[in-house]
Amino acid sequence: MFRRREPVPFAFIAEADKFRSNVTPPERTRPSAGQIAGRTLVGLTVVAGLVGSLLFGMPALSADQSTRHTQQSEASDGR
């Protein structure tokens with residue numbers, strides 16, 4: 001290929017451009033139906049949790065809710 005012009009402190013780094021492995025990586029195995037179903041259920045559970053927390057959290061974050069309800073104690077009724 002080409003030679004490096006800058007000095008390299010380690011010889012194996014300089015020779016790494018030439019090295020090609022003749023070992024092929026193993027083929028990826030396809031996930032089984034159970035693994036696909038499990039991953040789908042985990043994903044749906046996470047999404048349902050996020051949507052549920054959003055639905056339950058939105059009323060607490062609204063500004064109108066806090067100004068409408070004021071609490072008064074019974075002692076302030078003047079009995």
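In which helix of the protein is confidence lowest, and in which is it highest? The lowest mean, 57, belongs to helix 3 (residues 63–68), while helix 2 comes out highest at 94. Confidence here is pLDDT, the predictor's own score for each residue, running from 0 to 100. This is a predicted model, so local features need pLDDT of at least 70, side-chain atom pairs count only at pLDDT 80 or more, and totals for chains, interfaces and linings use all residues. Residues are numbered from 1 along each chain as its sequence is written, and side-chain values use heavy atoms, with hydrogens and water left out. Over the protein, pLDDT averages 77, and 56% of the residues score at least 70.

Now for the layout. You'll find 3 helices and 0 strands (DSSP runs numbered from the N terminus: H or I for helices, at least four residues; E for strands, at least two).

Let's stop at helix 2, residues 33–61, where Val46 sits. Val46 counts as partly exposed because its relative accessibility is 48%.

The side chain of Ser62 reaches the backbone oxygen of Pro59 at 3.0 Å.

Methods
Buried < 20%, exposed > 50% of the residue type's maximum accessible area, 1.4 Å probe, protein only. Polar contact = N/O pair within 3.5 Å; in protein donor to acceptor, adjacent residues only side chain to side chain.
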